[in-house]
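Dear colleague,

Please find the structure below, handed over for your records. My notes on what was found in it follow directly after.

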Amino acid sequence: MKSSTFGKRLSEVRKTKKLSQDELAKMLDVHGAVIGRYERDEVKPSIEVAASIADALEVSLDYLVGNTDLLLEKNILKRITDIQRLTKDDRNTVFALLDAFLRDTKAKQAISE
């Protein structure tokens, strides 16, 4: 998903989520044609509408607007926020566990290749 425009990214994420334009429009309480206009880059949504679209699709607004090519799901962003709110010692514990898990996973992948 390395598209550059809001419309292209919106279209790709919507299709990945297996939603029609009308289904997404109903989630946002707008007409389906509006989603089509956004996807064709004919119009740009307001920041509030763009944020609602990101919430409905469970992706970051940064991804939709092209600030990042990393497509993070909302549940991952929430976990990162939760970790950031921990004490420094607790964050270090979480990172140590995560680092050990990632190291072990990479080792298993290297062995299986």
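Predicted model: local features only at pLDDT ≥ 70, side-chain atom pairs only at ≥ 80, totals over all residues.

I begin with Val 49, which lies in helix 4, spanning residues 47-57. Helices here are DSSP runs of H or I with at least four residues, strands are runs of E with at least two, and both are numbered from the N terminus. Val 49 counts as partly exposed because its relative accessibility is 29%; the term buried is used under 20% relative accessible area, exposed over 50%, and partly exposed in between, with a 1.4 Å probe and protein chains only. Between Val 49 and Leu 64 there are 15 residues of sequence separation and a C-alpha to C-alpha distance of 12 Å.

Residues are numbered from 1 along each chain as its sequence is written, and side-chain values use heavy atoms, with hydrogens and water left out.

The chain as a whole

The chain contains seven helices and zero strands, giving the pattern α-α-α-α-α-α-α along the sequence. Its radius of gyration is 18 Å, whereas a compact globule of 113 residues would have a value near 13 Å. That radius is taken over C-alpha atoms, and the globule rule is 2.2 Å times the number of residues to the power 0.38. Along the principal axes, the C-alpha atoms fill a box of roughly 50 × 40 × 20 Å.

Of the 113 residues, 23% are buried. The accessible surface comes to about 8000 Å², and carbon and sulfur atoms hold 54% of that surface; such areas come from the Shrake-Rupley method with a 1.4 Å probe, and for residues only the protein chains shown count as cover. Among contacts with a separation of 6 or more, 47% are between residues 24 or more positions apart, where contact means heavy atoms within 4.5 Å.

The chain carries 20 positive and 19 negative side chains, and the centres of the two sets are 2 Å apart. Lys and Arg count as positive and Asp and Glu as negative, without His and the chain ends; each charge is placed at NZ of Lys, CZ of Arg, CG of Asp or CD of Glu.

Glu 39 and its partners

Glu 39 belongs to helix 3, residues 32-39. This residue is classed as buried because its relative accessible area is 11%. The side chain of Glu 39 makes a polar contact with the side chain of Arg 14 at 2.5 Å, and another with the side chain of Gln 21 at 2.8 Å. A polar contact is a pair of N or O atoms within 3.5 Å; within protein, one must be able to donate a hydrogen and the other to accept it, and residues adjacent in sequence count only if both atoms are side-chain atoms. Apart from neighbours within four places in sequence, Glu 39 is in contact with Gly 7, Lys 8, Leu 10, Ser 11, Arg 14 and Gln 21. By contrast, Asn 75, which is 36 residues from Glu 39 in sequence, is 25 Å away, C-alpha to C-alpha.

Two loop aspartates

Asp 29 is not a glycine, yet has a positive phi of about 60°. Asp 29 sits in the loop between helix 2 (21-28) and helix 3, and is exposed, given a relative accessible area of 70%. Asp 41 likewise has a positive phi of about 60° without being a glycine. Asp 41 is placed in the loop between helix 3 and helix 4 and counts as partly exposed, at 27% relative accessibility.

Two exposed positions

Ser 4 is in the segment before helix 1 (6-16) and counts as exposed at 60% relative accessibility. Its C-alpha atom is separated by 34 Å from that of Arg 91, 87 residues apart along the chain. Arg 79 lies in helix 6, residues 74-84, and is exposed, with a relative accessible area of 57%. The C-alpha atoms of Arg 79 and Ala 25, 54 residues apart along the chain, are 28 Å from each other.

With kind regards
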